[in-house]
Amino acid sequence: MEIDLKIEVGKIELKNPLFLASGCAGYGLEFEDFFDISIVGGVCLKGLSLEESVGNEPSRIWETPSGMINAIGLQNIGIKNFLKDKAPLLRKINTIFIANFFGHKIEEYVKVAKILEDEECIKALEMNISCPNISEGGIHFGVDPLLVHKVVKEVRKSVTKPLWVKLTPSGNIKETARSAYEAGADALVAINTIPAMAVDVEKMDFRISNKVGGLSGPAIHPIAVKMVYDVVGEVPIPVIGCGGVENAENGIEFLLLGARAFQVGTALFYNPNAPVEIIHGIKDYLKRKKLKSVKEVIGRMKAKNKGKDSCS
Ligand SMILES: Cc1cc2nc3c(=O)[nH]c(=O)nc-3n(C[C@H](O)[C@H](O)[C@H](O)COP(=O)(O)O)c2cc1C
């Protein structure tokens, strides 16, 4: 039986629902030694900003049970270097590239988005709103529904490419999802990392120089599943699940709940071949379930979403 893995996120057609998550696959090219990256549905590039940034001081990563804490500090090569050194290489690869980007002020978000608008290899923009807002004393854009609305609306007005907003699990995700949707987002990605901390009891010091980092990996997967369920129930636009996917089953969970696609991040650090295995695993699942297309899986559990879902 011919298995069809093709899906759409808005107007973008993808060969399958698997994306490499931002920050875990560099600029895509780094994975060429492991597998042909044109097999994945898409690659979300490392977050870009107006100026290049060296990020935080080491230590920036700490492995935890079933996960890791990172505080890379959004290190990146900057938009100009990306366009000069990376974009010409990406144009030759047959997959979809999504530009993840951020700013410390609304004007910075707008400037970066406008520059990315003209790059042909970029098919959509993924706004990382888990960023401190300098104009508002460092409060993260993503936790405040009003700020989310403001920054998404300004970027939306400035670009025509599909605009995806990557939600933070901090704050009330239903409210921030609704704000992003009402401000014009074309799709939402849930979730970014979860604030976390670890202490070295021998040194009596923080494990991460930034003190706080973001927890990712299988440890956060059930939290991400619940948040995707919440966001799918809140907004009518496509949702992309992200958080702790390490095998086909984890990705299928997101799809059954109504996510249109999913991203694989931390798993790439300990199993760079995970995307190959996951794509095979989805095909095997569809065969086992006697389904021809992955579209038949998307949202299949939505009818069951009604009813009791509180803790008590
Ligand atoms: C080392 C590292 C760097 C990351 N950098 C970014 C980034 O630049 N922009 C962004 O939106 N998310 C970034 N993330 C978050 C991931 O894209 C993803 O949302 C999160 O790790 C949860 O997925 P996972 O459990 O599959 O890793 C980063 C995560 C890690 C582990």
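Rings of Phe, Tyr and Trp form a pair if their centres lie within 6.5 Å. In this predicted model, ring pairs of that kind link F31, F34 and F35 into a cluster. The structure holds 6 aromatic pairs in total. Two of them can be followed in detail, and each joins separate parts of the chain.

In the pair of F19 and W164, the ring centres are 5.5 Å apart and the planes stand at 90°; the pair is therefore edge-to-face, since planes over 60 degrees apart are given that name. F19 belongs to strand β3 (residues 18-20) and W164 to strand β9 (residues 163-167), so this pair ties together parts that are 145 residues apart in sequence. F19 and W164 are both buried.

The second pair consists of Y27 and F82, which is tilted, with 6.1 Å from centre to centre and 35° between the planes. Y27 is located in the loop between β3 and β4 (42-44), whereas F82 is part of helix α1; the pair therefore connects parts that are 55 residues apart in sequence. Here too, both residues, Y27 and F82, are buried.

Y27 leads on to another residue, because it is among the contacts of N76, and N76 counts as buried because its relative accessibility is 4%, under the limit of 20%. N76 is situated in the loop between β6 (67-70) and α1 (78-90). Leaving aside residues up to four places away in sequence, N76 touches Y27, K46, G47, L48, S49, E51, E52, S53 and F102. Along the chain, R91 is 15 residues from N76, and the C-alpha atoms of the two are separated by 20 Å.

A polar atom of the N76 side chain lies 3.1 Å from the backbone oxygen of L74. L74 is itself in the loop between β6 and α1. Its backbone deserves attention: phi of L74 is near 55°, a positive value in a residue other than glycine. With a relative accessible area of 21%, L74 is classed as partly exposed, because the buried class holds values under 20%. A further positive phi, about 70°, occurs at K211, which is not a glycine either. K211 is found in the loop between β13 (205-206) and β14 (213-216), and at 43% relative accessibility K211 counts as partly exposed.

The backbone also contains cis peptide bonds. One joins P58 and S59, with omega about -5°, and S59 has its place in the loop between β4 and β5 (61-64). Another joins A190 and I191, with omega about 15°. I191 is placed in the loop between β10 (187-190) and β11 (194-196).

I191 also brings the reader to the ligand, for one of its backbone N or O atoms lies 3.1 Å from a ligand oxygen atom. A backbone N or O atom of G265 lies 3.0 Å from an oxygen atom of the ligand. The side chain of T266 contributes as well: an N or O atom there is 2.6 Å from an oxygen atom of the ligand. The protein covers 97% of the 610 Å² of accessible area that the ligand has on its own. Around the ligand there are 25 residues, of which S22, K166, G217, G244 and T266 come nearest.

The cysteines remain to be considered. How many disulfides does the structure hold? The number is 0. C131 is in no disulfide, and the nearest cysteine sulfur, that of C24, is 16 Å away. With a relative accessible area of 0%, C131 is buried. For C242, the closest cysteine sulfur is again in C24, at 7.5 Å, which is too far for a bond, because a disulfide requires sulfur atoms within 2.5 Å. C242 is likewise buried, with a relative accessible area of 8%.

Key
Residues numbered from 1 in each chain as written. Predicted model: local features only at pLDDT ≥ 70, side-chain atom pairs only at ≥ 80, totals over all residues. Heavy atoms only, no water. Helix = DSSP H or I, 4+ residues; strand = E, 2+ residues; numbered from the N terminus. Buried < 20%, exposed > 50% of the residue type's maximum accessible area, 1.4 Å probe, protein only. Contact = heavy atoms within 4.5 Å. Polar contact = N/O pair within 3.5 Å; in protein donor to acceptor, adjacent residues only side chain to side chain. Phe/Tyr/Trp six-rings, centres within 6.5 Å; stacked < 30°, edge-to-face > 60°. Near = heavy atom within 4 Å. Areas by Shrake-Rupley, 256 points an atom, 1.4 Å probe, with all protein chains shown as cover.
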